[in-house]
Amino acid sequence: MNKVSVVIDSETISYWKYEIILTLHSKGFLDTLFISNKVQRKVKLSIKRILCSSLSLLTINEYFDDIKRVSLKTGAKPTGDLIWLSEGPIDFEYINNVYYFCDDIKNQKFESDLFLKENFKFKSMTYLAKKNKNKVVIVNGSWTEEAKFSDNKTVSNNLSSLKFLVDGRNNDGQFEIFKSEKSSLIAENNSRISKTLQKIYFLLFYYTSWSVYTYPMVIDVFNKNLLEDDRLEKIFDDRSWNFKADPFFLESENSILIERFNYLIGRGKLAKYSFDSENLININTNSRFHISYPCVFEYGKQTYVIPEAAQSNAIKIYKKNNDESLSLVNTVVDNFAGIDPTIVEHNGMWYIFSTDGSIGSNSFLHIFYAEDPLSNWSEHKLNPVKINTQNSRGGGAIFKEGASIIRPTQNCYPSYGTSLLFNKIVNLSPYEFKEILIGEVKTSTDSPYRGIHTFSRSKNSYIVDLKTNEFFPFARFVTLLRARLKSNEDGVFLENSLSKRVAVLFLFLIFVVLIYIFGWRALSLFV
């Protein structure tokens, strides 16, 4: 994108529009502000502005003093390439490019339509289109995460991501538009009350568990695959509240590194399982944080691990020692809550892919690169390189299939663990990135397994972890014991300390004892 001008209705604009103008200005792309002087007053939208942070109004007459302002009310005509932030339709012929935000069928999006009850995608998916005369091409897009119970927050999350779509990256190529199957959209057709009640019911009475399985090497990464339940072989015989997940195969030791998680402790740890000896050994990390996703790689005849430790607000590389302990050897990035960091070497450079847990664990994909994994790392010039809940978050080791480099990713739409997608990396350098979706693997609709999370390849089989939803009358109390990532203006911190989880468990036990002694009359003590 070269120099562009922005069309707005007045100098009092929504905060998300200010963020786009600020991004263009800070990168030197902003030429002129064209002002239509058309003021639209809608009561419903005014109420939403109070509830939705990205729609709150900001007056910019004291900002961007070095940028020329032109009032279109005087009869002036816009010139050059435009980014259209006006709430009016683009209903005129124009010889240059006009960029505007739209839905997946290129219809222009307006603020007043953001709260349509029947269309979830309109709230969370936005594309950037380029119109030249009668030709319209979608060139970029974002697909942000849904806030569990708040439409206003969902809209804010989506609008705040739009500034990344106009930050000067190469927008000449067609952006891939994802089409969801009708079966995955059933929940969208339910009423808002029905959906909310379903979420509350699941929150109260179900918790998620994972297990690790082997599967024959019959998966075709270039096509859609449906796992056959009778061909899955479970590696560990675990209780559902004490699960294992995130398998990464270490070829030199014919082993897998995994996450071990116990709901009662509420903190993930790492372990190694040997296929030869069938022994499971804990890996000593000396970490007080939740650790998972042990992405393993070999370099210089040594074995290294990049675990997910988002609660530490950093991505770090550890050396794996002979005594099954980890020693810190390098910090990739600080002040970044890296989710599922995954490494690959390509054309003499090393790259780490990771989503940002502070703003979008499943959607905001970042890349970091270095000439040597043990030296200094730099941030990719296009970060975030992708904002998409379907194929941003890492889903296992990046591998080669013939001449193709394949990056497995977690499909988190409409829910976490929906399927695992295979993406072919087409271009990768410190200045460019492009990948295309080529395949998928998922569980069948009638399977007891409700999702897939991580994909790895051993010598003789594929290795996957699969999700089950476990019913328990006091499931919410169990999930409260799990460590969680929280963030505020000061950064990311660990909210659920071990002492807090023990306190919750203690109060729960007191509650059960009172119910046992006094029956349901004990509820009167709490109301």
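**Strands, a helix and cores in a predicted model**

Biologist: Val305 stands opposite Tyr318 in β19. How do you know that strands β18 and β19 pair?

Modeller: Two strands pair if DSSP finds at least two bridges between them.

Biologist: Why are β17 and β20 said to stand at the edges of their sheet?

Modeller: The open sheet has four strands in the order β17-β18-β19-β20, with antiparallel pairing. β17 (292-299) and β20 (326-334) each have a single partner strand, so one side of each lacks a neighbour in the sheet. From one strand to the next, the twist averages 25°; such angles run from 0 to 180 degrees between N-to-C directions, and the axes are lines fitted to C-alpha atoms, for helices over the stretch in contact.

Biologist: How many helices and strands does the protein chain have?

Modeller: The protein chain has eight helices and 33 strands. Both are DSSP runs numbered from the N terminus: a helix is H or I over at least four residues, and a strand is E over at least two.

Biologist: Why is Lys17 called buried?

Modeller: Buried means under 20% relative accessible area, exposed means over 50%, and partly exposed lies in between (1.4 Å probe, protein chains only). Lys17 has a relative accessible area of 6%, so it is buried. Lys17 is found in helix α1, where the buried residues also include Trp16, Ile21 and Leu24. Of the 527 residues of the protein chain, 52% count as buried.

Biologist: Which residues is Lys17 in contact with, leaving aside its neighbours within four places in sequence?

Modeller: They are Leu85, Glu87 and Glu111. Contact means heavy atoms within 4.5 Å.

Biologist: What makes a set of residues a nonpolar core?

Modeller: The members are buried Ala, Val, Leu, Ile, Met, Phe, Trp, Tyr and Cys residues, joined through side-chain atoms within 4.5 Å. The largest such core has 34 residues, of which Val6, Ile21, Leu24, Leu85 and Phe101 touch the most other members. Elements that each supply at least two residues of this core include β1 (4-8), α1 and α4 (151-160). Helix α1 gives the most, with five residues. A second, separate core of 27 residues includes Tyr318, Leu326, Trp350 and Ala370. In soluble globular proteins, nonpolar side chains tend to be buried together.

Biologist: Why is strand β22 described as largely enclosed?

Modeller: Eight of the eight residues of strand β22 (residues 349-356) are buried, so the rest of the structure largely encloses it. Seven bridges join strand β21 (residues 338-346) to β22, with His346 opposite Met349. β21 and β22 form a hairpin with two residues between them, and Asn347 in the turn has a positive phi of about 50°. Seven bridges also join β22 to strand β23 (residues 360-370), and a hairpin connects these strands through three residues.

Biologist: What makes strand β27 largely enclosed?

Modeller: Eight of the eight residues of strand β27 (residues 404-411) are buried, so it too is largely enclosed by the rest of the structure. Three bridges join strand β26 (residues 399-401) to β27, and Glu401 has Ser404 as its bridge partner. In the hairpin of these strands, Gly402 takes a positive phi near 70°. β27 also pairs with strand β28 (residues 419-429) over six bridges, in the antiparallel sense.

How values were computed:
Residues numbered from 1 in each chain as written. Predicted model: local features only at pLDDT ≥ 70, side-chain atom pairs only at ≥ 80, totals over all residues. Heavy atoms only, no water.
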